[in-house]
Amino acid sequence: MSEHRNGFLPINTNTFDRVFIAVVLFVALALLWMRFIEPFAPLWIATVISLVIGQWIVRKG
Amino acid sequence: MTRSFIRSPLMTFVFWLVLSFMTLFPVWWMFLVSVRQRVDLFGTPSFLLDVSRMTWGNYQAVLSNPTFQKYMINSLIVSTSNAVLVSVLGLLAAYAMSRYKLVGKDNIFFWVLTNRMAPPAVFLLPLFLMFTLWFRVGDWSLFDTRLGLVLLYCVFNLPFAFWLLQGIVDGIPRELDEAAYVDGASTFTVLTTIIFPLAKPGLAVTAILTWVFAWNEYLFASTLTSVDARTITTGLAEFVTVTGTNWGQLAAVAMLTLLPAALVLALVQRHIVAGLTFGAVKG
Amino acid sequence: MRNSTTGWLLIAPTLFILFITGLLPFLYVLVVSFFDWNTFAVNPDPHFSGVENFRRLVFDEAFLYSIWLTLKFTFFVVTSQLVIGFGLAKLLSRNVPFKGVFRTIHTLPLMVAPIAVGATWRLLTIPGLGPIPHFLQKWFDVSYILSRFPDQAFITVVLMDIWHWTPLVTLTLLAGLSNLPREPIEQARIDGAREWQIFWDIILPFMKPVLLTTVFIRLMDALRTVDEVWMLTGGGPGAETRFIGLHIWRVVFPKTDYGYGSAMSLLALYMTIVICWLLYVAMTGMKDNKQ
């Protein structure tokens, strides 16, 4: 759980840190999407993108 | 000016003196306003106290005002109950942390401390809703009660007491309570006859600091009380918005608000910096 | 080791109270932020509205402006306090007579109720009564009216915060400086290093943990400043000193728009956490810097 891994992120992280980063990015992307991109593309695209990125960070970060 | 001159002990002394003057000046000015007669307040500001024209009228007016008396009593009751509560609970929790093997100890410790860091404005709304909607029995609710404030102030004072007392309990030799347990003492006996007496100085510091923090609190008190449980800090704020221009009395209330902090300052000075930085820096 | 059940019993009241006053409100605010709930609306009962509150929020200019002000304020107070505090700590690190008394005086602002700090500064700045407007007018011919000029209000709020919290920075850095090891510095001096090199290569790395903690504490406090600003300017003139905490408390709270207010609270919390975390990572976490 709390082992430190050498992933692609520029900092040393454990699982909790990576989940945290994923959630932070998810919220930030969703908010920015709502402000700037939503007239052109629905919000669920942002959700899918965030989930993919989040998955990637938690697995490989 | 050469480097060595700036670094000389005399200059250090002068710097401290200037700095102390700058620190005290606003408070001194407030004191002057609070003891001046109305006619002396305006015109060219004078920074000296004219003893012959000094008056305690503002203090008398404030202290004889029944609303203000109530606020002050509320503040005293809330701060004192809260300080006692968090000191006792903090001591128990610190003892548990220090002497028992608890699963996830470090995570618990971290979580407890984060409570102190949380911005209070963020929690106003949910706490207001909880106090008015959840914690109610018939007509009575936790909103606008002193009990509500006492519980609420735990959110920042309890982590503080917990952290401060843990360092103190850790400093009490384990052998003392182990020996007592071997003699057949109960946990309660050990706590009251060994831990409590040895932790007394630390408990005093904890109680004083948490008391001042509770006394100083404003945001929660202003939102989660309306009439009955208002505290002195909300009274001070009301002075500005309601009565408008009675600066002398405003200054008197503000002086009364900061008085406790000034009084205990010398007693706990060493612990304040360490306390505010959670021990990352020894004061 | 004693029976751990007793340990849990001893710590249970603390955890219980903090659960009620700390964790529960957070979970509650999280849930409510996804609901449309306004007690004075046509439909006063809460009903689920998805991310509608947040959608409104990202277009709410008043809210975004208060966030911008908060960030500006935080940046100014934290950097200036750090610079002033460090300078003072360097100047004051010598032993002088009455140092204890001076330190006690210096600690005073830290213990004063923020609301009283606001009152103090208000008395200094009221036109006609306060010395600041009087002497600015007399000596520099500057008219200083907090309720009229946004820049003056903002600068005064920053100055007040500097008065209030610089002592904390000074005292923590003083403590850090007094723990500084003597030998490397003297060795560097013998080797002919310049003062700024010593400062940069020896003093700063040693002070890093203390500096980091101080910045951290100040950052978190500055982001949630409410009381003293409310007392000094009331958030005004207009909304020019209405920081995020003040905005939530004075504007959103009285409107009983609970869902929207919750979303706003949550976003303020998000901002606080992210800023603190970014700072923490920037100052400690980089892999390259380690070892």
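Is C:Asn53 buried or exposed, and what is its relative accessible area? In this predicted model, C:Asn53 is buried, with a relative accessible area of 4%.

## Around C:Asn53

C:Asn53 sits in helix 2 of chain C. A polar atom of its side chain lies 2.8 Å from the backbone oxygen of C:Ser33. The cut-off for calling a residue buried is under 20% relative accessible area, so at 4% C:Asn53 counts as buried.

## Chain C as a whole

Chain C has 12 helices and 2 strands. Along the sequence, the pattern is α-β-β-α-α-α-α-α-α-α-α-α-α-α. Taken along the principal axes, its C-alpha atoms fill a box of roughly 80 × 70 × 40 Å. The chain has 291 residues, and 54% of them count as buried. Among contacts in chain C with a separation of 6 or more, 70% are between residues 24 or more positions apart.

## Where the chains meet

Two pairs of chains touch, and the pair with the most contacts is chains B and C. Chains A and B do not touch, and their nearest C-alpha atoms are 12 Å apart.

The contact between chains C and B takes 90 residues from chain C and 104 residues from chain B. On the chain C side, helix 1 (residues 4–32) gives the most, with 21 residues. This interface has 0 salt bridges by the rule used, while 10 residue pairs are in polar contact, both partners at pLDDT 80 or more.

Chain C also meets chain A, through 17 residues of chain C and 16 residues of chain A. There is 1 salt bridge between these two chains. The side chains that form it belong to C:Glu61 and A:Arg35, at 3.8 Å from N to O. Helix 2 (52–57), helix 3 (61–92) and helix 12 (258–285) of chain C each supply at least two residues to the side that touches chain A. Helix 12 of chain C gives the largest share of that side, 7 residues. The rule also finds 3 residue pairs in polar contact across the interface of chains C and A, both partners at pLDDT 80 or more.

| Parts | Buried area | Share on carbon and sulfur atoms |
|---|---|---|
| Chain C and chain B | about 8900 Å² | 81% |
| Chain C and chain A | about 1500 Å² | 68% |
| Domain 1 of chain B and domain 2 of chain B | about 630 Å² | 79% |

## The two domains of chain B

The domain assignment of chain B gives domain 1 (1–55) and domain 2 (63–276). Their C-alpha centres lie 33 Å apart. Contact between them involves 8 residues of domain 1 and 9 residues of domain 2. On the domain 1 side, B:Met30, B:Ser34 and B:Arg38 lose the most area to domain 2, together 57% of what that side buries. Across this interface the rule finds 0 salt bridges and 0 residue pairs in polar contact, with both partners at pLDDT 80 or more.

## Nonpolar cores

The largest nonpolar core holds 162 residues, and the members that touch the most others are B:Tyr153, B:Phe220, B:Leu236, C:Met111 and C:Leu123. Helix 12 (residues 247–276) of chain B provides the largest share of this core, 16 residues. Domain 1 and domain 2 of chain B each contribute at least three residues to this core.

What does B:Tyr153 touch, not counting residues up to four places away in sequence? Its partners are B:Val78, B:Asn82, B:Leu158, B:Ala214, B:Glu217, B:Phe220 and B:Ala221.

Note on methods: Residues numbered from 1 in each chain as written. Chains lettered and ligands numbered in written order. Heavy atoms only, no water. Core = buried A, V, L, I, M, F, W, Y, C linked by side-chain atoms within 4.5 Å. Buried < 20%, exposed > 50% of the residue type's maximum accessible area, 1.4 Å probe, protein only. Helix = DSSP H or I, 4+ residues; strand = E, 2+ residues; numbered from the N terminus. Domains from an automatic or database assignment. Contact = heavy atoms within 4.5 Å. Buried area = accessible area lost by both parts, 1.4 Å probe. Salt bridge = Lys/Arg side-chain N within 4 Å of Asp/Glu carboxyl O. Polar contact = N/O pair within 3.5 Å; in protein donor to acceptor, adjacent residues only side chain to side chain.
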